[in-house]
Amino acid sequence: MQFREIMCGIVGYTGERRACPVIIKGLQRLEYRGYDSAGVAVCQENGALNVYKCKGKVSDLERHLEGKDSSGTIGIGHTRWATHGEPNDVNAHPHLSRSGNLALIHNGIIENFRVLRDALRSHGFTFRSSTDSEVLVNLIEFVRESENCSLEDAVRIALKQVVGAYAIALIEKGNTTRIVAARKSSPMAIGIGDGEYFLSSDAASIIDYTQSFVYLKDGEVAVIEKGKPLHITNLEGREAPVSIQKLNLSISQLEKGGFDHFMLKEIHEQPDTLGDCIRGRVIPETREIVLSGVLENKERFLKARRIIFVACGTSWHAALIGEHLIENMCRIPVEVEYASEFRYRDPIIYPDDVIIAVSQSGETADTLAAVEIARSAGAFVYGICNVVGSSIARGTDSGTYIHVGPEIGVASTKAFTGQVTVMTMLALLVGRLKGTVDSGYYHRVAQAVLELPSTIRKALETAGQVAALARTFTYAHNFIYLGRGYNYPTALEGALKLKEISYIHAEGLPAAEMKHGPIALIDAEMPTVAIATLDATYEKTLSNIEEIKARGGKIIAVVSDGDELVRRSADYCIEVPSTVECLMPLVSIIPLQLLAYYIATYKGRNVDQPRNLAKSVTVE
Ligand code: G6P
């Protein structure tokens, strides 16, 4: 059986320090992504190549390392997350080559590993693990021995035979200074220190040491040697430019800031993160919108025949709100696609389409593939990402960062509100340029965007009430979430939050659809969360609530401040501040994020790293 490596973490070091503590610290910073085993390889001063790995957490690896010889100043480490088969010590990385001369860590999937493994077996190779990664390290060794070439040449030749996705790093017995790394469709950043180098699948994991990074591009091979300039080539051996980028991330941004969980911190951070997202983009005096990615490509937006959003998970929910915003303000037809479906159904893409790829991580494999398909069809591709320098950010023609800072909790919260805020600014700007948005409306919405930080701050005041309410519903087995119009996607997102972190089954529906089937589920055991804020469909939602009430269902309603009517039918009302209708999803989602959070913590769930989920899904 194939053991697929996905969402794994990579850290490496070469310099004057002891490599192991640097690697362990980096791996700990990547822990939030979810993983099931961890390991390190260190080349000792005497040239010995030692590998230590085990199933479990990085803390288990630390215990495993106690009393072992891991004092070398060069090393590579890995956290592995298997999707099939048992995670165990043997399948953990690093993997050693047959001779024990090479140690390799790998993120991604080698799709043709069976063919390669059979070929290697015919040359007498045997395999300890079930991983594709062990096949790769042996392929590199085989090439090196048969071609009698350097390690980097062997890596290049081997990778040309590989079909799939990878970010790899290798060290070698007897070489105490050099790491060879390469990537394709899986992220890899090289941190530049003073005479030392760091390596990571996520630059944020090594910002304790450096803020200067080189992001390897697809098909590049890097020779990272202590005290020497970084040397990057492509698979053909041609020299590639080394472009250093500065990352302005503080360590406190990465830590929990006094909250019990990253998710709670990220929920409460939203007034600030939205402030960062808006800053410089809506000019307070004039309410002018400055999104350089749109302004520089004005014609593409003005002439767009259609806009297609491609995204997954929470980003897909944000895109559903984007559809309302753009159709309403720009009068351009919009489609919202699951990237995973879009990529495999031979979609019709016109050169005058604009594709908007939405992704927090900027690394989601399906979204990246959708971007590539759209680009090859000649469409203009725009990215809405959070992670600066991520693959989607680099693979699109232009775009806007949401700038909400690192999101660590697996369940996305502040990225969702950042994405919707960017989409609102984009719709306003394009609508203004096209002349499809009325000036009064434009100013009202732009002003409401400027006020978002304070509006969200008020919405967060519901936290105490929601926490108390959550206790009452902690033991429910199912939930229904209802919303209409702009708040239908909010209902989907509220339900997703609950599923992800509490493991309670929840379904989001457009309220009017209840009578077409789901109302049959209603009884005293099936709570309904209804978003019934004052908007165009308020009264209709109210009738839907009454229908549920009449069938003995329990209702938790999210209502506008001061609401009287819904209160008469609902069992519990959570009052949120009002803003323009198109921004209401940003307000209504706040109590739903909090509800999911508190129910999950009362159930004792691992909120930041829920079972079976990973933050960044870098393979399909
Ligand atoms: C994973 C995460 C979700 C996220 C989705 C899309 O499933 O657990 O929280 O919404 O991927 O991720 P992206 O980084 O592309 O927004």
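1. The C-alpha centres of domain 1 and domain 2 lie 32 Å apart. The domain assignment, automatic or from a database, gives domain 1 (9-111 + 165-252), domain 2 (256-450) and domain 3 (461-605). Across the boundary, eight residues of domain 1 are in contact with 10 residues of domain 2, contact meaning heavy atoms within 4.5 Å.

2. Before going further: this is a predicted model, where local features need pLDDT of at least 70 and side-chain atom pairs count only at pLDDT 80 or more, while totals for chains, interfaces and linings use all residues. Residues are numbered from 1 along each chain as its sequence is written, and side-chain values use heavy atoms, with hydrogens and water left out.

3. Now the parallel sheet. Five strands make up an open sheet in the order E16-E15-E17-E18-E19, with parallel pairing. Helices (H or I, at least four residues) and strands (E, at least two) are DSSP runs numbered from the N terminus, and two strands pair if DSSP finds at least two bridges between them. At the edges sit E16 (334-338) and E19 (398-401), each pairing on one side only. Strand E15 (residues 306-311) is joined to E16 by five bridges, and Ile 308 stands opposite Glu 335 in E16.

4. Two helices pack on that sheet. H11 (residues 313-330) touches E15, E16 and E17 (353-359), its direction making about 175° with that of E16. H13 (residues 365-376) touches E15, E17 and E18 (380-385), at about 165° to E17. Axes here are lines fitted to C-alpha atoms, for helices over the stretch in contact, and angles run from 0 to 180 degrees between N-to-C directions.

5. H11 and H13 turn up again at the second largest pocket: together with E17 and helix H19 (488-502), each supplies at least two residues of its lining. The lining has 29 residues, with Cys 312, Gly 313, Ala 614, Lys 615 and Val 617 nearest the centre. (On a 1 Å grid over the protein atoms alone, a pocket is an open set of points where a 1.4 Å probe fits, with protein on both sides within 12 Å along at least five of seven lines; lining residues have an atom within 4 Å of a point.) Domain 2 and domain 3 each give at least three residues to this lining.

6. There's also an antiparallel sheet: six strands, open, in the order E5-E6-E7-E8-E12-E13. E5 (95-96) and E13 (231-234) have a single partner strand each, so one side of each is left without a neighbour in the sheet. Inside it, E8 (residues 178-184) and E12 (residues 220-225) pair over six bridges, and Arg 183 stands opposite Glu 220 in E12.
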